[in-house]
Amino acid sequence: MDSTSAAVVTAVTFLWLGMVLAISFLEAPLKFRAPGVTVPVGLGIGRLVFRALNVVEVVLALVVIAAIATGEASVTAGVATAAAAAVLVAQLAVVRPRLSRRSDRVLAGETLPRSHAHLVYVACEVAKVAALLVLGCGVLAA
């Protein structure tokens with residue numbers, strides 16, 4: 001891979017990874033522990049934060065895909081990029097709509113049991129983190 005493409009992929013991948021780790025694994029669970037944050041307030045904050053994160057993730061994914069496509073990347077880098085992008089697409093097309101419908105119901109006052117969709121979303125985040133680590137470390141080491 002040429003040095004410019006490698007630099008772009010490495011920087012953008014680790015930026016993307018850092019954002020996912022900070023928001024999904026730090027901010028999201030901690031906001032509900034803050035004094036005065038009710039479930040409706042936490043859901044409202046979460047919707048805004050994750051919507052913004054997902055927009056940024058799509059932009060970052062497109063930048064990585066473009067750099068991988070133009071930089072003659074290794075098979076590993078291509079597969080890791082495809083995996084991270086596929087997980088993001090699944091989250092946006094399948095999991096997020098289910099979570100949005102559920103949060104609409106909670107915000108409307110319904111009391112619902114714990115959601116399995118949250119566990120699926122977390123599993124997707126773990127898979128995406130793994131793909132981004134493989135991608136970033138692989139390109140950095142090459």
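Colleague: At what angle do helix α1 and α4 pack, and how far apart are their axes?

Modeller: Helix α1 covers residues 3-31, and in this predicted model α1 packs against α4 at an angle of about 155°, with the axes 9 Å apart. That makes α1 roughly antiparallel to α4, because angles over 145 degrees count as roughly antiparallel, those under 35 as roughly parallel, 65 to 115 as roughly perpendicular and the rest as oblique. Axes here are lines fitted to C-alpha atoms, for helices over the stretch in contact, and angles run from 0 to 180 degrees between N-to-C directions.

Colleague: What is the hand of the crossing where α1 passes α4?

Modeller: Left-handed. The term applies when the near helix is turned anticlockwise from the far one by less than a right angle; clockwise is right-handed.

Colleague: Which residues make the contact of α1 with α4?

Modeller: Contact means heavy atoms within 4.5 Å. On α1, the contributors include Val9, Phe14, Trp16, Leu17, Leu21 and Phe25. On α4, they include Val122, Val126, Val129, Leu132, Leu133 and Cys137. By class, the contact of α1 with α4 has 17 nonpolar, 4 polar and 2 charged residues. Ala, Val, Leu, Ile, Met, Phe, Trp, Tyr, Cys and Pro count as nonpolar, Asp, Glu, Lys and Arg as charged, and the others, Gly among them, as polar.

Colleague: What rules sit behind these values?

Modeller: Local features need pLDDT of at least 70 and side-chain atom pairs count only at pLDDT 80 or more, while totals for chains, interfaces and linings use all residues. Residues are numbered from 1 along each chain as its sequence is written, and side-chain values use heavy atoms, with hydrogens and water left out.

Colleague: Why is α1 called roughly antiparallel to α2?

Modeller: Their axes come within 9 Å and cross at roughly 165°. That value lies over the 145-degree limit, so α1 is roughly antiparallel to α2. The crossing of α1 and α2 is left-handed. Their contact has 20 nonpolar, 6 polar and 3 charged residues.

Colleague: How do α2 and α4 cross, and how close do their axes come?

Modeller: The axes of α2 (residues 39-70) and α4 (residues 116-141) come within 14 Å and cross at roughly 30°. That is under 35 degrees, so α2 is roughly parallel to α4. α2 passes α4 in a left-handed crossing. Phe50, Asn54, Glu57, Val64 and Ile68 of α2 meet Tyr121, Glu125, Lys128 and Leu135 of α4. The classes are 5 nonpolar, 1 polar and 3 charged.

Colleague: How many helices and strands does the protein chain have?

Modeller: It has 4 helices and 0 strands. The elements run α-α-α-α from the N terminus on. Helices are DSSP runs of H or I with at least four residues, strands runs of E with at least two, numbered from the N terminus. Along its principal axes, the C-alpha trace spans about 55 × 30 × 20 Å.

Colleague: What share of contacts joins residues at least 24 apart?

Modeller: The share is 77%, among contacts between residues at least 6 apart in sequence.

Colleague: Is cysteine 124 buried or exposed?

Modeller: Its relative accessible area is 15%, so cysteine 124 is buried. Buried means under 20%, exposed over 50%, and partly exposed in between (1.4 Å probe, protein chains only). Cysteine 137 comes out at 41%, so it counts as partly exposed. Of the chain's 142 residues, 37% count as buried.

Colleague: How many disulfides does a search of the whole structure find?

Modeller: The search finds 0. A disulfide would need a pair of cysteine sulfur atoms within 2.5 Å.

Colleague: Why does glutamate 72 count as exposed?

Modeller: Its relative accessibility is 71%, over the 50% limit, so glutamate 72 counts as exposed. Glutamate 72 is found in the loop between α2 and α3 (75-107). Its phi is near 55°, a positive value in a residue other than glycine.

Colleague: What makes proline 113 exposed?

Modeller: A relative accessible area of 63% makes proline 113 exposed. Proline 113 lies in the loop between α3 and α4.

Colleague: Why does valine 8 count as partly exposed?

Modeller: Valine 8 has 33% relative accessibility, which falls between the 20% and 50% limits, so it counts as partly exposed. Valine 8 sits in helix α1. Leaving aside neighbours within four places in sequence, valine 8 is in contact with Val63 and Ala67.
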